[in-house]
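Have a look at the model first, then read on.

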Amino acid sequence: MALEIEKRSAKPRLKSKKRVAAYCRVSVAKDATLHSLAAQVSYYQDYIAKDPDWLLAGIYADEGISGTKTNRPEFNRMIEDCKKGKIDMIITKSITRFARNTTYLLEMTRLLKSLNIDVYFEEQRMHSLSSDGELMLSLLVGFAEEEVKSMSKNIRWKVNKFFEEGKVWGIHDFYGYKRNGDTYEVDEGQAEVIRLIYGLYIDEGLGTHQVARRLNGLHIPSPLGFRWQDSVVRRILTNITYTGNLLLGRYSSGINQCDGYKRNNGEYPMYKVEDSHPAIVSLDAFNKAQDRLFMAGNKFRPHSKGCNASIFTGLIRCGSCNKNYIRKKNRYRTYWICNSFNTKACIECDQSLSLREDTLFDLASEALGVDANKLTKELLHERLEKIVVHNSKDVDFVFADGSIKTLHFEFKSRRLSWTPEMKEEARRREMERLYGKSSNQN
């Protein structure tokens, strides 16, 4: 009997769609520009939907944030989604919408290139994955960065002119006052809180932590509507504006300042304007507060100076908010955590991930190819630009040459990480809890 073979045609495979995201940004949070942002979002939704081979992976839009800043929540969320494999391609209006900082732009496009993710810049009609993409990006963003520097110098000149005339640049409401045209009027409800703070600090002798706790106990909202922190109390106690005088130019902003404004330590001129608006506290009370703050600082500084320093200090950044990680210690170990999350919890940053210092040494040793006990501050700061920690437990080691090495870590078993000293301390504490302090002596 002859063997019969039945022929069947294979079912065609469905072509997978390319997951395309769009990034939009406006640098000023005003009604007109926010309307422009809404128009951009609507445009990209329609633009991506028109292509049958594309699937909308998301629209990421930052409001009122300059392209020179790296602390852009939506941009950072988009990069995290790229790392998770949720995006195949990004569309943005222009290079300047994506970033105005040459180093940061190349760092991000190289990272995306390593993930095989293309960025298409509409105005320039250019793909980052093209053969000449990086060269063109370097040239074009370099021109854009120089333009921003020129604009920054012009604005700084105008601001200084305002200060010379005793005028406030960009006058707006702030805690204790409300704007009335070009002048300030006292907000009596908030002014009472400021007077209470000075009274508690000067007359009752409470510390800034205690003042914050007292205000929270009275259910008084902070200037931003949250719980009071000692840092907020300290800012009010050191703000000379509450005496009816203005000190203009206390802070300055550079075009590449990731953290916004920084204190002016003499780089630029400052101007004092006396009796420019109604006072909430007397100059005498303000001076007493400064004296006490100075004495409190000097009282503790000799004992605490450098006690929490490390070879990693200043290098570690949060992958969510781009603020620094700080070093903390408890009874058992030393670890690093996002400063924003540590001080304000989920108000400014939701990255709760902490990183043990022994894990950090292991990761740095692997990234640099150096034995952990040979790591030094000089070596780290010479070879690394920064270390970025992500909630996914990925750590990016960004090298000075722009290259990035990403390492993953897992939390160590608590049982395996306990040293004999830690076990003995735990045993001692348990004996004290069960039998009292005298039990250890017996």
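A polar contact here is a pair of N or O atoms within 3.5 Å; within protein, one must be able to donate a hydrogen and the other to accept it, and residues adjacent in sequence count only if both atoms are side-chain atoms. Keep in mind that this is a predicted model, where local features need pLDDT of at least 70, side-chain atom pairs count only at pLDDT 80 or more, and totals for chains, interfaces and linings use all residues. Residues are numbered from 1 along each chain as its sequence is written, and side-chain values use heavy atoms, with hydrogens and water left out.

Let's start with Asp396, which sits in strand β17 (residues 394-399); strands are DSSP runs of E, at least two residues, and helices are runs of H or I, at least four, numbered from the N terminus. With 5% relative accessibility, Asp396 counts as buried (under 20% relative accessible area, using a 1.4 Å probe and protein chains only).

| Side chain | Partner side chain | Distance |
|---|---|---|
| Asp396 | Lys83 | 2.5 Å |
| Asp396 | Thr406 | 2.6 Å |

Not counting residues up to four places away in sequence, Asp396 also touches others, including Lys386, Val388 and His390 (contact means heavy atoms within 4.5 Å).

Now for the sheet: 5 strands form an open, mixed one in the order β2-β1-β3-β4-β5, where pairing takes at least two DSSP bridges between two strands. Its edge strands, β2 (54-62) and β5 (126-127), each pair on one side only. Strands β1 (residues 18-25) and β3 (residues 89-92) run parallel, paired over 4 bridges, and Tyr23 has Thr92 in β3 as its bridge partner.

Conventions. Buried < 20%, exposed > 50% of the residue type's maximum accessible area, 1.4 Å probe, protein only.
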